Amino acid sequence: MALAYKRIVVKIGSNVLTQDNGMPDLARIQHLVAQIAALKKAGKEVIVVSSGAVASGRSLIRVSEKADAVTSRQLLASVGQVKLINTYSELLGQHDLICAQVLVTKEDFRDRVHYLNMKNCFGALLQNNIIPIVNENDVISVTELMFTDNDELAGLIASMLNADALLILSNVNGIYNGDPKAPNSEVIQEIGQDTTGFSSFVTTQRSQFGRGGMITKCHMAHKVAQLGIAVHIANGKTENILSKVLNETEINTRFVPNKTASGKKKWIAHSESAAKGVVQINAGAKTALTAPKATSLLPVGIVKITGEFQKGDIIKLTDEQDKLVGQGIAEYGSDKARERIGQKNQKPLVHYDYLFLNAEIS
Ligand SMILES: Nc1ncnc2c1ncn2[C@@H]1O[C@H](COP(=O)(O)OP(=O)(O)O)[C@@H](O)[C@H]1O
Ligand SMILES: N[C@@H](CCC(=O)OP(=O)(O)O)C(=O)O
């Protein structure tokens with residue numbers, strides 16, 4: 001295969017696994033499983049992030065119209081997840097492969113102990129040649145506890161496992177430079193570090209059963225590529241799409257990985273939950289930090305500091321609207337930093353080598 005990825009996370013979206021009537025598409029799952037088996041045979045490590053619990057639930061029960069949206073989703077997903085994982089287990093078994101079910105919540109990425117336990121389990125599964133099938137724990141994850149969608153979850157899994165690539169299978173051939181249905185729109189085949197102007201053609205429109213839409217896919221894909229992981233968005237309904245993407249014989253969108261991302265930056269990127277304090281920066285500092293040239297955060301650009309931190313702690317950086325700009329390692333503690341707020345000619349609070357900026361798609 002042309003692209004020599006060894007560890008691959010494959011995200012299979014709701015729309016790939018669902019027929020137009022909302023029921024699961026068994027033939028499609030079967031074909032995807034055959035493709036995954038082929039990757040395993042070629043010596044790859046494969047982790048699957050699969051949606052489809054709600055769709056599978058729909059094929060088993062009817063939820064009363066009186067049930068509210070949250071309860072209805074909990075019912076369908078909890079019943080449907082059993083069927084979904086059984087389907088994978090049975091189909092993978094036909095290729096002599098074993099899978100494991102991993103259900104996670106957003107909280108599991110925030111809590112360091114949960115995070116390390118989860119990482120340890122994935123390590124053990126991969127070592128034992130088992131295919132983890134990951135989904136959000138839809139029973140626990142309701143409203144604000146939810147991931148934006150399974151793309152966000154897949155991005156976190158790919159970064160946690162330091163995967164070589166994340167293949168996102170959706171119902172479009174990639175990201176188009178206009179409305180995907182318009183005849184003159186074309187798939188953007190390669191996206192580098194600069195994603196300016198995206199919002200002009202990526203709309204908030206979602207597919208019938210999708211949750212987050214293309215905008216959230218773009219944000220996540222860019223962030224993950226910044227960590228040095230290649231991200232592909234391809235059509236999961238195309239025959240043999242996985243090998244075609246890896247052999248570069250099918251059009252798709254590839255986010256070019258930033259190969260200079262250090263291990264330290266990857267760790268910082270995932271340490272948002274471990275942050276001890278919040279440093280609010282002004283518009284000038286935000287512009288400087290998010291410009292292509294690597295820049296450290298100087299006290300002159302700091303507006304406010306919340307919480308206590310020591311030298312070496314992770315701190316969050318927010319803008320004046322409290323939007324997260326990124327996170328980094330403090331070069332000195334909050335007491336010293338408070339004294340220096342707004343002052344010129346002071347040592348940087350965060351050095352650019354220890355600063356991770358969130359993806360900005362404007
Ligand atoms: N520029 C664009 N290129 C491709 N798809 C787009 C674009 N803008 C909006 N979309 C929409 O994004 C949808 C895919 O996202 P989503 O509904 O979240 O699917 P999934 O269930 O696979 O995660 C497409 O079906 C399409 O309608
Ligand atoms: N956890 C849900 C799917 C959630 C979801 O966001 O799906 P998707 O739109 O494919 O990213 C399920 O299994 O039905």
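**Entry 1: Asn150**

Next I placed Asn150 in helix H7, residues 150-160 (helices, H or I, are DSSP runs of at least four residues and strands, E, of at least two, numbered from the N terminus).

For its contacts (heavy atoms within 4.5 Å), I left aside neighbours within four places in sequence and found Lys11, Val49, Ser50, Ser51, Asn135 and Glu136. The side chains of Asn150 and Asn135 are joined by a polar contact of 3.0 Å (a pair of N or O atoms within 3.5 Å; within protein, one must be able to donate a hydrogen and the other to accept it, and residues adjacent in sequence count only if both atoms are side-chain atoms).

**Entry 2: ground rules**

I kept to residue numbers that run from 1 along each chain as its sequence is written, with chains lettered from A and ligands numbered from 1 in the order in which they are written. As the model is predicted, local features need pLDDT of at least 70, side-chain atom pairs count only at pLDDT 80 or more, and totals for chains, interfaces and linings use all residues, while side-chain values use heavy atoms, without hydrogens and water.

**Entry 3: Ser51 and the record**

I looked up UniProt, where an unreviewed entry puts a "binding site" at Ser51, Asp138 and Asn150; such annotations may be inferred rather than shown by experiment. These positions are spread over 100 residues of sequence, yet they cluster in space, with a largest C-alpha distance of 11.0 Å.

I found Ser51 in the loop between strand E2 (45-50) and helix H3 (53-58). Ser51 is buried because its relative accessibility is 6%. Beyond four places in sequence, Ser51 touches residues including Lys11, Ser14, Asn135 and Asn150.

**Entry 4: ligand 2**

Which residues are closest to ligand 2? I listed Lys11, Ser14, Ala53, Asn135 and Asp138, from 14 residues that surround ligand 2 (a heavy atom within 4 Å). H3 and H7 each supply at least two residues of this shell.

I then checked oxygen atoms of ligand 2: one is 2.9 Å from an N or O atom in the Lys11 side chain, one is 2.7 Å from a polar backbone atom of Ser14, and one is 3.1 Å from a polar backbone atom of Asn150. Taken alone, ligand 2 exposes 380 Å², and the protein buries 94% of that (Shrake-Rupley areas with a 1.4 Å probe).

How values were computed
Buried means under 20% relative accessible area, exposed over 50%, partly exposed in between (1.4 Å probe, protein chains only).
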